[in-house]
Amino acid sequence: MKRIGMLTSGGDCQALNAAMRGVVKSLTNSDEDVEIYGFLEGYKGLIYGNFKMLTGSDFSGILTKGGTILGSSRTPFKTIQDPDENGIDKVDAMMQNYYKLRLDVLVILGGNGTHKTANLLREKGLNIITLPKTIDNDLWGTDMTFGFQSAVNIATDCIDCIHTTAASHGRIFIVEVMGHKVGYLTLNAGMAGGADIILIPEIPYDIDKVVSAIEKRHASGSKFTIIAVAEGAISKEDAKLSKKEYKKKLENYKYPSVSYEIAEKIQQKTGQEVRVTVPGHTQRGGSPCPYDRVFASRLGAEAGELILKGEYGFMVGYKNREIVKVPLEDVAGKLKMLEPDASIIKEAKLLGISFGD
Ligand code: F6P
């Protein structure tokens, strides 16, 4: 008999359900008896003992369903070791609930912050297996995270739609894509949607270079420009600021987001109208795309196999076209950034895309 706890933590994304279904299917298809405890709303459920017992049939029909049947929440790692408002030691409470339910393993689906807490629980002696979810694809130790390809599809659809209007009206359009720290999503959606300029956090931009890319296009006869901007795009001047100085700047920030600042500057410098579109959380919503369904199912199935073998303390990831197990201590606290000299950036530049650098 295996007693398995499961939770989804952090921002939701597509294929969380597909991944959990994969874990459960691979276990229920084995000879092992299993009991599944689904903790509700991420780590909160584990802290406060809020769970429901699930069976294989609860995971039926959810392969194509977006969101998470367990609910999710953000429980910042920064404060996980601080007592809650009622003085409860959150880490201790999670361990107590794990031992009270006599769990053999806790399966945790999440992104960067989630992995830091997962590793902390591992250090405290709990058996942990994690699965890499995030539309940002910024988890260290895996070439791909589930949710990413679905979000690329949605952001690309958005750029496609804007493309037609931009062409009809001869306008400059900015599409702001999710990703505060890394630019994988913006880069991929931008390239797939035929964006002319792509601004990502890893390559600070010079607004004059952005403007000259627009002017070059217009001089060559193109009447419109599409700019894909990551939420975390940063100018060269701002990139020089210390963390503290940049935080201070953002405290008095008059724009809803970075795209509006860029739009205003381009408008001032070119005299042309610039419109901003923000697809926002639509990028995390809806059904997972076929790639994510397959990918998350594979990761889930492999996680189930690790559980059956009693191998714990790993994230199930994907490296060089193979599903791999990555020690949690290697994953926690590291961000996978796009290298400015990555070949995809070089190729994008060869295609004539400007990064404003
Ligand atoms: O981490 C995934 C993500 O969607 C980021 O791309 C985005 O910046 C952030 O979450 C938004 O978080 P929230 O849903 O908490 O506003």
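**View 1. Strand pairing around Glu 176 in the predicted model.** In this predicted model, Glu 176 has Val 229 of S8 as its bridge partner. The two residues belong to a pairing between strand S6, residues 172–177, and strand S8, residues 225–230, which run in the parallel sense and are joined over 6 bridges.

**View 2. The open sheet of four strands.** Strands S6 and S8 are part of an open sheet of 4 strands, whose order is S7-S8-S6-S9 and whose pairing is parallel. Strand S7 (197–199) and strand S9 (274–277) form the edges, each of them pairing on one side only. From one strand to the next, the twist averages 20 degrees.

**View 3. Helices H5 and H10 on the sheet.** Helix H5, which spans residues 148–169, packs on the sheet and touches S6, S8 and S9, with its direction making about 170 degrees with that of S6. Helix H10, comprising residues 258–270, lies across S6, S7, S8 and S9 and runs at about 165 degrees to S6.

View 4. At Gly 179, a backbone N or O atom lies 3.4 Å from an oxygen atom of the ligand. Of the 400 Å² of accessible area that the ligand has on its own, the protein covers 72%.

Technical notes:
Residues are numbered from 1 along each chain as its sequence is written. This is a predicted model: local features need pLDDT of at least 70, side-chain atom pairs count only at pLDDT 80 or more; totals for chains, interfaces and linings use all residues. Side-chain values use heavy atoms; hydrogens and water are left out. A polar contact is a pair of N or O atoms within 3.5 Å; within protein, one must be able to donate a hydrogen and the other to accept it, and residues adjacent in sequence count only if both atoms are side-chain atoms. Accessible areas come from the Shrake-Rupley method with a 1.4 Å probe; for residues, only the protein chains shown count as cover. Two strands pair if DSSP finds at least two bridges between them. Axes are lines fitted to C-alpha atoms, for helices over the stretch in contact, and angles run from 0 to 180 degrees between N-to-C directions. Contact means heavy atoms within 4.5 Å.
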